[in-house]
Amino acid sequence: MMDKIVDFSFEEVFEQKYDFFAQIFEYLIKDYNKDFGKYAEYYTPNVIARIIARILVKEKVKNVKIYDPAAGSGTLLLALAHQIGENNCSIYSQDISQKSNEFLRLNLILNNLVHSLQNIVHDDTLVTPRHLNKEKNDIEHFDYIVSNPPFKTDFSETRDTLASENYSKRFWAGVPNIPATKKDSMAIYLMFMQHIIKSLNEKGKAAIVVPTGFLTAQSKIEKTIREELCVKNHWLRGVVSMPSNIFATTGTNVSIIFIDKENTSDKVMLMDASKLGEKVKEDGKNQKTVLKPEEIEKIVNTFNNSKVVDDFSILVSYEDLAKKNCSFSAGQYFEVKIEYVELTPEQFKEKMDGFKSNLNTFYTEGHKLEKEIKKQLEKLEM
């Protein structure tokens, strides 16, 4: 079927083009693997993809290569291509799931990106990266990379191969060990992060969706990656921590890491958007957080304009990041504000007496409750 429609131009059917197809596509696959979220078979909400694209690309660019090493259905790539301009970029992707690749290929056909169909490949990105340089002696390097990689899954069968000397250049921060139990908890996203950083060209920019726990984790691999971005190199542009349940298929809190190898700023934008959004239930089952249009604008404009907003966003120097073990969590840098109220000695004494009175009441009630519990226990033992 795809061979039959590949030469048909859908761009003249609907004036909205991408804006129309993106919404239809998300509706059609909203329940895609919702119950188990198998490795590489998932999709990223369109609203997240749009936020990423608008932050990643603020100015007009041409003739760029964009890439996702764990593309899934391609939502991130399509939003980025639309932001850049479909005629100004070429899409490259790889995914271990053939089903996901077919979704992406269909997406390209619908969105006037047929010229990139040949760059959509099916294979294990970590073990066998298929996009190589002209000399075939290194991986290809890209202008823009976007990715929502799988967070945790069992890759124990290939773990030792990836930890070998042949792969050490690409996986410089290390490879997660195989746990004694629950092998599917292996942090595979750390492998994709390393691959993405190595796949950027000298001017490259990237946005990676990660579990929020990564921002403060002190394990060797996590900390080494963060040090690479903010100590060894000042490539970290910023971080946005999203609301919980922004992905209806997972309760994992997620954040977005923005990387820019051309970054010239001496400060990093850290944003805590976790309190935004409205909780809704889809089909009476999964609870999902939905961002309002004005909240989306707040995230994008605050980030792109480097605005400091109380308890929402803050600019942090690389030096201060290093002092806090390279923590990327905005909350650790917010100023703690204590409300100051002037009291006379008489007012202070009155408040303290009130606190003491309340404490005495609580203690008395607690003792009564304790005696009642003991009585009930004695009756049960009899």
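The charged end of K324 sits over the ring of Y333, 5.1 Å from its centre. A charge is taken to sit over a ring if NZ of Lys or CZ of Arg is within 6 Å of the ring centre and within 35 degrees of the ring normal. A further case is K261, whose charged end sits over the ring of W235 at 4.5 Å from its centre. The model discussed here is predicted: local features need pLDDT of at least 70, side-chain atom pairs count only at pLDDT 80 or more, and totals for chains, interfaces and linings use all residues. Residues are numbered from 1 along each chain as its sequence is written, and side-chain values use heavy atoms, with hydrogens and water left out.

Rings may also pair with one another. A search of the whole structure finds 6 aromatic pairs. Rings of Phe, Tyr and Trp (its six-membered ring) pair if their centres lie within 6.5 Å; planes under 30 degrees apart count as stacked, over 60 as edge-to-face and the rest as tilted. Y167 and F171 form a stacked pair, 6.4 Å centre to centre with 15° between the planes. Both Y167 and F171 are buried, where buried means under 20% relative accessible area, exposed over 50%, and partly exposed in between (1.4 Å probe, protein chains only).

The pair of F258 and F303 is tilted, with 5.1 Å centre to centre and 55° between the planes. F258 lies in strand β7 (residues 254-260) and F303 in helix α9 (residues 293-304), so this pair ties together parts that are 45 residues apart in sequence. Helices (H or I, at least four residues) and strands (E, at least two) are DSSP runs, numbered from the N terminus. F258 and F303 are both buried. Elsewhere, ring pairs link Y67, Y92 and F142 into a cluster.

Helix α9 also holds N301, which counts as partly exposed at 32% relative accessibility. N301 and I55 are 246 residues apart in sequence, but 8.5 Å apart in space, C-alpha to C-alpha.

Two packed helices are described by the angle between their axes and the distance between the axes. Helix α7 (residues 189-199) and helix α8 (residues 220-232) pack at an angle of about 25°, with their axes 11 Å apart. That angle makes α7 roughly parallel to α8. Axes are lines fitted to C-alpha atoms, for helices over the stretch in contact, and angles run from 0 to 180 degrees between N-to-C directions; those under 35 degrees count as roughly parallel, over 145 as roughly antiparallel, 65 to 115 as roughly perpendicular and the rest as oblique. The crossing of α7 past α8 is left-handed, meaning that the near helix is turned anticlockwise from the far one by less than a right angle, whereas clockwise would be right-handed.

The cysteines come next. With a disulfide defined as a pair of cysteine sulfur atoms within 2.5 Å, the count comes to 0 disulfides. C326 is in no disulfide, and the nearest cysteine sulfur, that of C230, is 3.3 Å away. C326 counts as buried at 3% relative accessibility.

Most residues other than glycine have a negative phi. N63 has a positive phi, near 50°, and is found in the loop between α3 (46-56) and β1 (64-68). N63 is exposed, with a relative accessible area of 70%. S306 likewise has a positive phi near 50°; its place is in the loop between α9 and β11 (313-317), and at 40% relative accessibility S306 counts as partly exposed.
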